[in-house]
Each structure stands twice: as C-alpha cells, then as structure tokens.
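Hi everyone, thanks for coming.

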Amino acid sequence: MPDLLIELFSEEIPARMQARAREDLRKLVTDGLVAAGLTYASAGAFSTPRRLTLSVEGLDATSRPVREERKGPRTDAPAQAIEGFLRSTGLTLDRLERRSDKKAEVFFAVIERPGRPAADIVAEVLEAAIRDFPWPKSMRWGSGSLRWVRPLHSILCLLADEAGSSIVPLTVDGIVAGNTTEGHRFMSPGRFPVSSFDDYRARLARAHVVLDAAEREAAIWNAATQQAFALGLEVVPDAGLLAEVAGLVEWPVVLMGRIGEDFLHLPPEVLQTSMREHQKFFSVKNPKTGRIEGFVTVANRETADHGETIIKGNAKVLAARLSDARFFWENDLRTVKAQGLEGMAAGLANVTFHNKLGSQADRIRRIEALAREIAPVVGASPDLAAEAARVVKADLQSAMVGEFPELQGTMGGYYARAAGLPEAVADACKAHYQPLGPSDDVPTDPVAVAVALADKIDTLTGFWAIDEKPTGSKDPYALRRAALGVIRLVLGNGVRLELYSKLASAQVPHLPAIARDRDITLLPDNWQRDTNLDLLAFFHDRLKVYLRDQGIRRDVIDACLAMPGNDDLTLLVKRAEALAAFLKTDDGENLLQGFKRANNILTQAEAKDGVEYSFGADPKFAEGPEETALFAALDAAEAAIAPAMGAEDFATAMAAMAALRAPIDAFFTAVQINTDNPVIRRNRLNLLHRIRAICGQVADLTRIEG
Amino acid sequence: MTARSDLPRSFQEIILRLMTYWGSKGCAVLQPYDMEVGAGTFHPATTLRALGSKPWAAAYVQPSRRPTDGRYGENPNRLQHYYQYQVLIKPSPPDLQDLYLGSLRAIGIDTDLHDIRFVEDDWESPTLGAWGLGWEVWCDGMEVSQFTYFQQVGGHDCRPVSGELTYGLERLAMYVLGIDHVMDMPFNDPDAPIPLKYGDIFRQTEEEYSRHNFDGATTEMLLRHFEDAEAECDRLLAQPSVDPKTGKYIVMAHPAYDQCIKASHLFNLLDARGVISVTERQAYIGRVRALAKKCADAFVTTEAGRSAEDAA
C-alpha cells in the first residue's frame, strides 16, 4: 500500500484563500482517485504561503480491474442501432458476443478494463486537478497559458512504500514533477529532495517551515498570550486575524510592542481596527486600565538581533497610521462640537443612496417619520426616536468612517456622546444597524428598536417599490438580511406590530419618485396594495426559513399564516409555537384526526348539497348518549376557548380543544352522520360544523399534513 | 550584516542604485515621460508596451501627480507631486521575486534583519481598463512596493504577461534613510558643498500646487480642455491608417494616448477642485477608460504592439 505525497509550490498564495484551497485539493484528488478505482485509507491537506500539500495514505498500488457486461440491440436490428451501440461501448463488431435472449439473438458487449498502476492514475488526476482548480481568482504569468493563483514553480509528486519512493511522471505546462521542495525563502533557501511525507514534514521543519496551519496558529497564540501574560497584559482574541496571519508566515515569530502614549486616548475600536486592517496586528489590552496599550505582530523569520529592527519598523509604521487616526478623530470631534451631529450629517444631502431612491438625507427623513410612527408600538418616545433617526447615520460623513467603513455606527456613538446627546440616541447609532447577521445580537433599547425597524422597513419598501428584489443568489442590497432583521427585532422584543400598515406607511414617501421614474402621474390600480402584499409574502417566506431552523414545520406555519392578523409576527409565532407543541402530544394528533374526519364528511356533504351547514345544531335532535355528550363537550369547550383566545392564550385554547378528542371519537363510533332522516342528518352536519368552527379558531388545521 | 558605510545617504543615491541595479539586470533605463501622469503605470513604456508579444524590459523614474493628495507640504508623507520607480519586464521572468529582493538589498535593506512579506493586493486601474494580480510588499509592516502580474490592459489580455514593480520612492527612501518627515530628507549628499533637502526643492512647489489644485485652477478651462483632449484622441485615431503624405502605415497610437493621459490628469484636477459629483465621477472615469481602450486597440495593430500570431 503506497502513500502519495503532492506539493504544489508557488509564489505567495493569498492568506484568505488557503483554507478553501487545501480542501479543494484534497477533494479533487481523492475524488479523482476513487473514480478511477483506487481506494485509500486517509488523506490530509496542508498549506503555507508558498505551498499546497496533500498526503494520501494507504493507496492501492493498482486500481481494481473492472468487468462490465452491457446488453445491446438484437443481431437483426437496423445497422444504425448496432453502430450506436459500438460507439457507446468503444468496441468493434467482432468483439461483441452473440447470446440468445428469450426469442431472439442479442449482442452483448463485455468490456474489461484491466487494473492500472496508481502512478498513471495519480498523474492524470493531479494534472486535471491543477488545470481545473477552483481558485476564486487566478492568473497567467510569463509566456505560459496555465492558470494558478500566483506563478506555480514546482510540483512534487511521490509514491512511497517500504521499498522506497518514486516520482510520478507528470508534466504540466513545462513543469516536470520531481521529488524536491524549498525551505523558508530567507532562512533556508535552496531545494532539497524528500522521500516520504514524514521525511518531507521533518525536513521542512529543519528548513524553517511549519507545514500545518493549525500548528502555526497554536504557536502564534501561545507565544502571544505568554508574552502578554508576562507583562500583566492580555491579547484580544481574534480568530479571523489568527487564521489570516498564520497564512502569511511559514516560520512564525511573535513580537510584542507598546502603543505610544499619544494614542492611548483613542477609542479602543479605532486602535483595534487600524491595527488589524492596516497592519494585521493583534491588540493587547491592559486589564487594569481596560485600555488597548500594546500590539502583537507576527514576523516570518528569526533575526540576529532577535527582532529588534523588525519591531522598531513596525512601531514606526503604526505610529504613522495612528497619527492619521488621531487626526481624523480630533477633526471629527471639532466638527461635532461646532456643528453638532446633525451638522455633520448635513453633507449627506449630497450623497446618493440609490439613484431612484434619492440621497442619504432623503432616506434619513423617511426613516425619521417612520421611527416616530413605530415608537409608541415599541414603547419609545416618538421625539427621541425621531432625534435618533436624524443622527444615527451622521458618522457616514466623518473622516474616521471614511477611512474605516466598518466603524460606522460605533463612531456615531462616540460623537453623539461628545455632542451631549441622550444615551439612548448614542446607543442607537450602532444598534440601529443590528442585527447584522443571524447570530448578531438584537437591540433591546426601545429607541434603537424603533430606528432599526424604521431603517430596515424603509430599505425594503424602497427596493420593492423600484422592483429591485433579491433573485436567486443575487441580493446586492442585502434585503433578505434586512427582512430577517425586522423579524428578529419584532420577535426578540415581543413587538406587536401590524406590519402591513407600516409597510403601507413606509411606501408612501417613495410614490412620487416611483411615478417620476416610470414617467406616469398615477400608479396602476392596486399597485400599492399588491406591492405591499408581495413584500409581506417575502417576510413570511423569511419567517418560514427562520422558524424551520427553530424546528417548526412548514405546514404548521402555513396553518397559522392562513389566519387573520398574520402580519402581526409575534402573534403568528406564538400561535405556531403552541400548535407545534400541541401536535406533538397524543391528544393533539388524535384531535387532528377527529377534526379531519369531521371536516371531510362535512365538506363532501356541503359540496353535494350546495349549502353550508352553519345554522347551529339543536341538541333536541340528539340521539343517544354519545351525541348528547358531544353537545355538552362542545358547549364546555367553547366556554373555555373564548376567553383563552381573547387573551391569546393558545395553549389553553388548544388544551380545551384536546378535551373534545374523546367525545368526538365516541360520537363517530356510535353515530352515523348520513342517516335516512333528513332532519337528523342536517342537525348532525351542523354539529360537525361546530367542531370545524371551534378547531378553526386557532389555526387552519386543514393545512396540517398527516 | 551590511556595513553602515554601504548604506545610501540621500534620496538621489537610492534612485541611482535602483537605476544601476535594474540596468545591470538587463533593463533599458528610460527617462520619465514628459507629461503629467498619476502614476508610473501611465508611461507608455508600461501601458502600451505591456501589450503585444514583443519582449520588453524597462526601468525608469516617473514623477507622478495626485492633485487631491496636496497638503501644502505639511504632511510628513503625503505629496501631490512625488516619484515612482517603475520596472516592467515582459514576459515576466520566473525569478522576478528574487530580482526584486535583490533591488531591496541594493538600496541597503538587509533582508536578514528585516521581515519582508508578500501580502495579497490585486491591482486595478479603472481609468486604464487594466488589472493584474500580485502583492503589496511589506518591509517590517510597511508597504514598500507594489508587485503585479498584468492580466489585462486597455481591455486586452496580456500575452505574454508582464511583471510590473512599482516603488513609492519617497516612502521607501524615508524608511531606508530613517527620516520622519519627507521635507527633511537629504536629496543630494548631505556632505556636498551645497546640501539640499527634499524640502529645499519641493516645499514651495507643494504649497503653490496645493493652492492651485484645490482653489486656483479654472474649472471651466479644465472642463473645456478635457473635452478637447477627448475629441482630439478620437480624431487622431479616426484618421486613415495609411498616411496620405508618405504612403506608410502610420497609426497615431502614441499621440492619441498622450491625449488620453491629458484627459486623465484634467479629470484628477477637476476632482481636486471638488466640482465632480459622485455619480459624475464614474461617468468621467468611464470616458477616460474608453480613450485608453481605443489607444490600446490602435497600438496592437502597430509594429511595436502586434502579437506574434497576428504577424504570422
């Protein structure tokens, strides 16, 4: 059982692409090997900035021989059919066997593929993998036509077993596969041969290359935290940065430095963002002061002066960067103190939000009006919500956000406090963008909730109005995220919002622009209503996805969506959760069956008779104890359900419905609905109607499957 | 370790060492292009010569102008007029990274003491319709060069691919010389009878041009000249390929490209004057790109820009 070792050695691979590339290489090669009839025991992929490596252990030395029989046309079939069969099998006529099959004689093709040596298969599979590699961006270089992420310099491809190792013969665009690789660019230049994966890994380590990214990550994190600990400091965890930095070095050397005194007063987010984005530094925090006071940089080499030159250079670059940041910070504060946050926002009149939806200032005016309208529903002061709406996007005009867009909202909060605005307004600056993704926190402060809802609803109604809805994988304005944001804001805060009416309000300010865009004075009949209903349906779709992830079945949601008031998402979910829980109980399941039976009989009778049996059943026509008992049970259930429904206590209502299970079952066992006596029959159908009406108060149970 | 005496002592010495180094590696050491450009890439020795299949190797300093970067000579490292050092080799040689590292050593950067890294940075010039993949090169966390394998220029695929190196000379020199403010950097030998600092030469011009770029330039004239350059570029390229006077095939690709360069710089000035709105910006960039594409289209029909397979 040989082992296979592959290394694709190139110029520096972008750090962000390495993890995907490892996985792609593993999958492309192992899938190819398996498809060609080779099995293997295990495979592992590795990467450094300059190499992608795959180690496959316990590979078959030859592929299994394959014998395949295929039945063809009859021997007296038209020539065309026989030719087609020859083409598809790749055989000649004299190679076909003739066998009698029932009445006729039929051609059979027996295709035998002998086992092939692993090396042949590996060469084919690897060449295909290199040529078809799914890099997010690839390039050509020199005079060649091969594409790779950066120039590919060498291919190492070895099959090794107890007897020794051999190079797999392979040439891709002039690059001949061999058994050599290179160590660290600066610390161990030059090529050397290897004989197996273990040998390769050990020699690389001696040549100052740590092959495994996970090992580099661990080494970086350990060294960083230990150095910080020794000084009583702590490194701020940043998994994304750690992975990126591990992809930038082959021989990580962790160096720590201090941030100059002049910069320590900058907001920690500014220090962190500037250091991470520009320099790929980790932030180091002093737990006693809570401030960011130091940085960790990861060099790619050891030096004779133990990194002194490197750390000095890095500190100098950082000082220049932070001077810029301080300049932005001080400038922004000056602006805010002189003109207030609304003054800073003034320039937004000249910034286009979308050419059909006006400027950012237009957008802010719409959000302000909507936030004011939503505020009472979420328990916020309308004036405060309106004030917040006017300033939450002001920092888009700040120098700091111009430099670091990811600090939008965060800077607004600092500037709002500097301007002496209320705390709720300052908090809303960052919080109104939230939740940014399915795992992001949902704001809870009423002012932030009002503005966040207004912002997202304005965006959605705007893009719906100009017919820029998400399609398939295309959602350039992140409208799905906005809709999910509204859903999570509403549900997370138990907000009782009549969403449809808010969509309608939010749509109004867009109307003149839409009419202008379409060059008409009046929009078509029903356009407003249809557009809003379409958007509401989009919300419902997103809600279904959201609830399915919470384990609530689609048919349960459909049953609740069919009820009136389905634009009140909190009520809708309350209903769905109660129904889902109810259906999981025996009573629920059985009641559902009873309901369905009643409903089926009733529906058929109504269709046949052309009437709706909703006249009310009269207990005086009841025959036998089961029928009488059902009347009593329905009376009792109705008495219990009405107040529960009034209090939106769906669980209690359904528990009362569950009490109907036994009487309904007994009724169906004892009583025949379609009797000869038309009066009795009509009365019983009216009785079934009462069952349908009672059960239908909670949800449209006809939509429940099973 | 490099001996101190081996370190360059002035801005011009760094330029001279780069010239000597790349000359010794076989590059034609060219002179700057005699027009106002935003970056060394605009020099026809890069933009046009990256097209077609003829081998090419050139290195040169290019004075570059970015009107919006004017800071009246006060910012320690931002200038509206600065120098780029540019190398273009076609086809890109397999050892281009090593050649590049050699150039750092030549100007006194000891690669045994510093941390040199190649960090992903893809290059794109919307005005030139050009893009490539490569890195920014970091020395101890500072970007010292841009390293790009050109994939397209003027909308044409580059075959073969050129390797392009761009050094921001002031920043690199400040790092090597240990200077904190660009105006304090020795331009010639500090022990020369008349030692001159960068500021002695450029502080006043930075002030004058900053005022000019932000407030002085007449926008109506700039707009008119932009239109003129655009029209002239089109007109030159619309002439018949065969010159009626000489009877020779003479496409005026370079003169037309001069007009494209002019339009690009005029746009930069208009931008600095703050008279171009966000939406208009894209439209102007698109107009300059259209010119660059037409010039590239013309150049690839000429002797210097032809592809081998077209000639065959």
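Let me start with burial: a residue counts as buried if 20 or more other C-beta atoms lie within 10 Å of its own, exposed if 12 or fewer, and partly exposed in between, with C-beta atoms placed from the backbone. By that count, His306(A) is exposed, having 11 other C-beta atoms within 10 Å.

Some housekeeping. This is a predicted model, so local features need pLDDT of at least 70 and side-chain atom pairs count only at pLDDT 80 or more, while totals for chains, interfaces and linings use all residues. Residues are numbered from 1 along each chain as its sequence is written, and chains are lettered from A and ligands numbered from 1 in the order in which they are written.

Back to His306(A). This residue sits in the loop between S16 and H8 of chain A; helices (H or I, at least four residues) and strands (E, at least two) are DSSP runs, numbered from the N terminus. His306(A) isn't a glycine, yet its phi is positive, about 55°. Chain B has a case like that too: Asp140(B), not a glycine either, has phi near 50°. Asp140(B) is in the loop between strand S6 (130-139) and strand S7 (142-153) of chain B. Is Asp140(B) buried or exposed? Buried, with 25 other C-beta atoms within 10 Å.

Gln434(A) and Pro435(A) are joined by one, with omega about -5°, and Pro435(A) belongs to the loop between H13 and H14 of chain A. In chain B, Lys90(B) and Pro91(B) are linked by a cis bond with omega about -10°. Pro91(B) is in the loop between strand S3 (81-90) and helix H3 (96-106). Why flag these? Most residues other than glycine have a negative phi, and most peptide bonds are trans.

Okay, zooming out to whole chains. Chain A has 25 helices and 18 strands. Its radius of gyration, taken over C-alpha atoms, is 36 Å, against 27 Å from the globule rule for 706 residues, so chain A is more spread out than a compact globule. That rule, by the way, is 2.2 Å times the number of residues to the power 0.38. The C-alpha atoms of chain A fill a box of roughly 105 × 100 × 60 Å along the principal axes, and 41% of the residues in chain A are buried.

For chain B we get nine helices and nine strands. Here the radius of gyration is 20 Å, which agrees with a compact globule of 312 residues. The C-alpha trace of chain B spans about 60 × 50 × 40 Å along its principal axes, and buried residues come to 47%.

Now domains, with bounds from an automatic or database domain assignment. Chain B has domain 1 (4-211) and domain 2 (218-311), whose centres are separated by 25 Å.

How do the chains meet? Two residues are in contact if their C-beta atoms, placed from the backbone, lie within 7 Å. The contact between the chains takes 30 residues from chain A and 27 residues from chain B. On the chain A side, strand S16 (291-299) and helix H8 (308-345) are the elements giving two or more residues, and H8(A) has the largest share, six residues.

Next, helix H10 (residues 382-391) of chain A. Eight of its 10 residues are buried, so H10 is largely enclosed by the rest of the structure. The cover over those buried residues includes H8, helix H9 (360-378) and helix H14 (446-465) of chain A.

Last stop, the end of chain A. UniProt, in an unreviewed entry, lists residues 594-695 of chain A as "domain: DALR anticodon binding"; positions follow the numbering used here, feature names are shortened, and annotations may be inferred rather than shown by experiment. That stretch is 75% helix and 0% strand, with its end C-alpha atoms 10 Å apart. Within helix H25 (residues 678-695) you'll find Leu685(A), which counts as buried with 23 C-beta neighbours inside 10 Å. Leaving out residues up to four places away in sequence, Leu685(A) touches Leu602(A), Ala605(A), Tyr613(A) and Ile673(A).

That's my tour, thanks.
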